[in-house]
Every structure is written in C-alpha cells, then in structure tokens.
Amino acid sequence: MRYLIVPLLLGLAAPGFAQEEESPVDVGRRDLGSTLEKFTDSDGAELYRRACSGCHGPEGEGAFGAGKYPALAANPRLGHPRYPVNLILEGNGAMPSFADWLDDEQVAAVVTYIQTNMGNDYAGEVTAEDVSRMREEFADLDEG
Amino acid sequence: MSHPSNAQPPSRRDLLKMIGLAAGSSTMLHAMSSLGHARQSPYKGPIDLSGAPEGRKVVVLGAGLAGMCAALELRSAGYEVSILEYQKRAGGRCWTLKGGDEFEELGGYKQKVEFSKGQYINIGPWRIPHHHLALLDYCHRLNVPLEVFVQENQNAYLHSQTAFDGKPIRYGHAWADYVGQITELLAKSVDKGRLDSPLSKEDTEILLESLKSFGVLNKDYAYEASLDTAEYRGYPDAGAPGGGLYNAAPEPSEPIELTDLLKSRFWEKMRNHTTYRHHAPMFQPVGGMEEIAHAFAREVEDLITYNAKVDRIKQTENGVEVEYSGADGEGSGGVETADYCVCTIPFTILSQLEVDVSADMRRVMRALHYHEAVKAGLEMKRRFWERDEQIYGGITLTDLPIAEISYPSAEMHSDGPGVLLGAYVYGPQAYAFNSMSPKERLETVLEQGAKIHPQYRDEFSNGVVLSWHRVPWMLGCYSDWDDRGRDYEIAATMDNRLVCAGEHISYLPGWQEGSLLSALDAVRQVHDRAVKEG
C-alpha cells in the first residue's frame, strides 16, 4: 500500500525529481514489489498491476502496435483458469514465462483477480494446489 | 621480396603484407588464420555472392541492422531488393535518442527528449566488443568513426543497499582487497602444507612466490595496509603522493575487511567486466550508436518503404507476397511481391502475424521469449562524476533495481553537461517499471541514483526512461533462448522462400554482431537457393 503514496509525491515533484525533505517516503528504498528473482506481492490486484498491467493495460484493455498484447477485459478465453495459468507459466510469443518469478499462490491470486475483475465474472476458484498440479503437467508436456 | 639478398626468410608480417597487397583483405584474413593468428569470429571478410541469376527479387522485412545489411549485400550481388519498415526511421534497436526526438510507447505514453545539443543516450545497444569483426568491418567499410567505450573503471563504484551503510565503495578498493585477502588465505594454507595439491615441491614454491606477487602479500603472506598495497588499491584521501614539502609523502590506506566484502556480495559483480564480451577495449560510434544505422541507411535508403505494417506473408511455390498497411493508420498500404523474403521481424511480433510457414517454424516462433529491459538516459547539468569523483567512463554496479549507472565515454573532461545511463533494469523489477508512467519511472530512477550520487538532486536537468516491452515494434528487448537445440536450426533455416534473420537467429543475442552474422547467413541461403533455381 505504500506505493499508493506515489502520485501524491509526484504532484510535488517538478521537474520530475522530488526534494528529499518533501518526500513522504524514501522512494529509493521503496519496495517495487519485486527483487531480481521474484515478485513479492501476494495480493492479486497488486500482482496484476506490477507484473501484467504494463503490457495488458491497467484495466486489461490490451495494447496494439506492430503486434499486440491482447485485452484481458471481458475476455471469454479466461473462463477456465487453465488458459491463463498456462500462459503465465509457459509464455507464448511476446508473453514471457513468469514461472520462475511467481509461486503457485501468486499465480492463483493473479489469475483469480483477472477472472473476477476488468469486466470478467468467472468462477475464480483456482487454488495454489491447482497451479502446482498444472505446473508439473506443463513441464511434463515440455519434456515430452 | 623486401629482402632479396637476405638469407633470412620473410617474417610472418612480411608474408601477410605480400598476401594482402596481392589478394585483398579477405584473403589476408584467411591467411592470418592459417598462420596462427586465428580470430575468435566466424566472420571472414566481406561476403562473396557471385553468379546471381538475373531479375530475381528479394523483399526484406525490417530496416534494422540485419535487414539493411541483407539488402546492401543482396543488391550489390545483383538482386532487386525492397525493404518494408514499420517505423518512420531506419535502424531498429540501433537507436540513439537526442534532443528533439519524440517516441511513443504502447499504452500511449509519449516522451520528448530534451537533451542539450550534442548529448545523447544509446537506448538500445551501446558498446561494441573488439572481437565483433563483422560489425567492426561494416563500420570501416561504411565510414563510421569509433571511439573507446570505457567498460571497466576501477574508480567507479560497487554499491549495496545493505553493506557499508549503503555507501558506495570504489571498485578498485573492493577488487584489490578481495583478491589480496583470498590470495592470503590460499598462500597461508599452501605454506602450511594444508592444501591437498597435485603440485610438485618446486611448483609449490613458485606458486607461493606468485601468490605473494599477485595478491601483494608481505613476507608472512599477509595482505595489510602498506605502501605496497597502496600501489594497487590507492591511497587515503589525505595521504596521496605529492610534491615538495607539505603533505608530500604517501601513506598506506586501510584495506576493507574480508568479512565485510564477503557479506556485501560485491564478488558477484567482480567478473562482470572480464567476461569475454566485455573485454577491453570496447568501442562506440562517435555521436551515438545510431551512426551505424545512418551509415547503412545511406546505402539502402532508396529501397525502404517506411510506415509499412506487415499484415500477411503469403508463400507459394514460386514466390512471396507481403501485404502491408500504413503503420500510423494513415498512408497507403500495398502488396510487395518477390521471389524470396528475408524476414527480420522479431518473433514476438512475427508469431502474431498470418505467415505461411511450416508448423515447426510457427511453434518455434511462439516458444522463443524475449528479455525485458528498462533503460534510462539522464542529462546532468554538470559532469560531477568526473569533477567531483574522478570517474571517467565505466560503470557503477548496484543491487538497487536501477542495477547500473554508466558514465559517458564521449566528451570526457568537458565543461558541458553529460548524459548518464541511469538504469538498466532486468527481471521482475523491469516489469514493475514497465507498469509505471514515464514520470514515475524517472522519479524512481532518480531517487535510487541519488543514493550513490547525491549530486543528482542539484544537477539533474531532464531524462527519459524506456521500457522495451512497450516499444510498439519490439514487444521485448532481445531474444532469450533457453536451449537452442533443434528449434534454433528450424528458426535459422530457410522455410520455403522465407528466411529469418536478426539477433534472435544467432548465438549473440542482443548484440548487433549477431544481427549481422545472421543476416549474412540468411543472404547466403537466399543466394544458394536462387542460383540453384536459376
């Protein structure tokens, strides 16, 4: 939640550099919700914002250039969790694999968020155990 | 020949000179290899494509280095060539941002570069190893002047948020003290016969002598504060060698304790500059990396259709048809027909297009992922790193998310402003930056950098932060092969009439040399096929 202070801080900053005495938080040590190896948030919305929203858009609207990042908002393909779990773990084209950076709980949390927000209203009942099982299954498919 | 009456045979250098004069430089390269000067590169001089059949046409997709190199060589071999390029500029990732430039990321973020005249940031590739022979040869042939890029700088910093109270440590201090003290441990255990070593007694004596010399150890094999170690690690601020009477005599400096160095994990970064691809000297083009793109574009600009978004690539038994539309939503599209296609579109994008390729090729295109990366260019009003801290070029490495600060190798010691590479972020943290607005990214980069250089607060003038995953024509930074294997062969092999090229079709991902070597291989495949088909 500390992160939410940032827009306020930006309001004070001109041109693009807050004075230390004005900073309500120590931004240099601000947690980016990630390390070199992992995402560290556990909340699905936070994970979505940090890991996914840069490409798929804050509201899941997608982005379109020479290629695209598909919209996740009101996306009928997200009905079954297996599809997003597969993409997150295995990647596809411009979508890299996040398998090493998110644990099973985090994958379940972000998939649940995607399935139940941004105009999606699906069951959202995927568990960390489901993700763990699928992780093994996809890895076996890769080897096979 | 130069020594007709001399009984001595000509020196190797004389021989090379004769061969070079008689037969041109590529023969000389071959000769050098056979004479024991083998160079660590598959590049053996300009490609020779003789005997091209008449009237054959090649369409090249993408006007980055790979595409322009392929076009240049194919046209000079006698092919009719056209290039389709998505952007309104040539060069692809060979991209230098200068004052007045504007660029837009996916999601609509626009950044305007406000650097002073002559200042720039190489936001893509930024350094050239001395063994990237193809790139160096093209720079030579196309008249791109190079200057030294400083990679390793002993006076730059290593920085950890949790070690040494978060204060940066001079790279040279950490390096000398780490090497000195691990050498001390080794020397002492060898001296006491505690090392299970396969060495003979004689070799062991030489080893001890060498450890003493290499680690700058005293007669008891200890690494300590002394004028000897100061020769390597440097002197204390108030004890550097001077002249005359006052404060002239040098004093020893105090090494950093091994336990602190170990806990700082600085050792993780100490081989960074000695990886083969970073061996000194490295180079950069004078005026920015994009000078290379400009030089290629001078040769092939008349072949390029800009603002062309490829929508569909059809292949038949007899040819290729590429449908394209205006990338900016305006401008006329069209259809380009050719006998062959060299396709340099990154797989992040190509895998999304309707392309007639084999099922295997399509699978490989989807399976190849791209690295994320975020890079920042920060203009500072004053080159404080030089004047205040005596850091001329080189790179500071930190465990902050910005990961590194690189000091400009151009215009050293000038009074003017300078542009720092203020961040080169990888991994999950790059996605965190990717999700921020440019202003928020800049804010974060500045706050982090100020931990190392407090001068940021007064000296920052303006800056840009680019996230490569949001670049509309890339959707990533550079290819990330897990295990090339058979998939790589599929990607690199001509598929019907289409052959892919670019850094992703090389063992040098992210390096321009990989793009060029891949382009030359693709051109070779097209040519062989064309000759065969007549």
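Leaving aside neighbours within four places in sequence, N153(B) is in contact with Y171(B), I391(B), Y392(B), G393(B) and G394(B), where contact means heavy atoms within 4.5 Å. The structure is a predicted model, in which local features need pLDDT of at least 70, side-chain atom pairs count only at pLDDT 80 or more, and totals for chains, interfaces and linings use all residues. Residues are numbered from 1 along each chain as its sequence is written, chains are lettered from A and ligands numbered from 1 in the order in which they are written, and side-chain values use heavy atoms, with hydrogens and water left out.

N153(B) lies in the loop between β7 (146–149) and β8 (157–159) of chain B; strands (E, at least two residues) and helices (H or I, at least four) are DSSP runs, numbered from the N terminus. With a relative accessible area of 12%, N153(B) is buried, a term that denotes under 20% relative accessible area, as computed with a 1.4 Å probe on protein chains only. The side chain of N153(B) reaches the backbone nitrogen of N155(B) at 2.7 Å.

Chain B as a whole contains 17 helices and 24 strands. Its C-alpha atoms fill a box of roughly 80 × 70 × 50 Å along the principal axes. Of the 534 residues of chain B, 56% count as buried. Among contacts in chain B with a separation of 6 or more, 68% are accounted for by residues 24 or more positions apart.

Residues up to four places away in sequence not being counted, P241(B) touches Y235(B), A248(B) and P250(B). The C-alpha atoms of P241(B) and G319(B) are 74 Å apart in space, and these residues are 78 apart in sequence.

Two packed helices are described by the angle between their axes and the distance between the axes. The axes of helix α2 (residues 44–56) of chain A and helix α13 (residues 427–434) of chain B come within 7 Å and cross at roughly 55 degrees; axes are lines fitted to C-alpha atoms, for helices over the stretch in contact, and angles run from 0 to 180 degrees between N-to-C directions. α2(A) is therefore oblique to α13(B), the class left once angles under 35 degrees (roughly parallel), over 145 (roughly antiparallel) and 65 to 115 (roughly perpendicular) are set aside. The contact involves R50(A), A51(A), G54(A) and C55(A) of α2(A), together with Y431(B), A432(B) and N434(B) of α13(B).

Note on methods:
Buried < 20%, exposed > 50% of the residue type's maximum accessible area, 1.4 Å probe, protein only. Polar contact = N/O pair within 3.5 Å; in protein donor to acceptor, adjacent residues only side chain to side chain.
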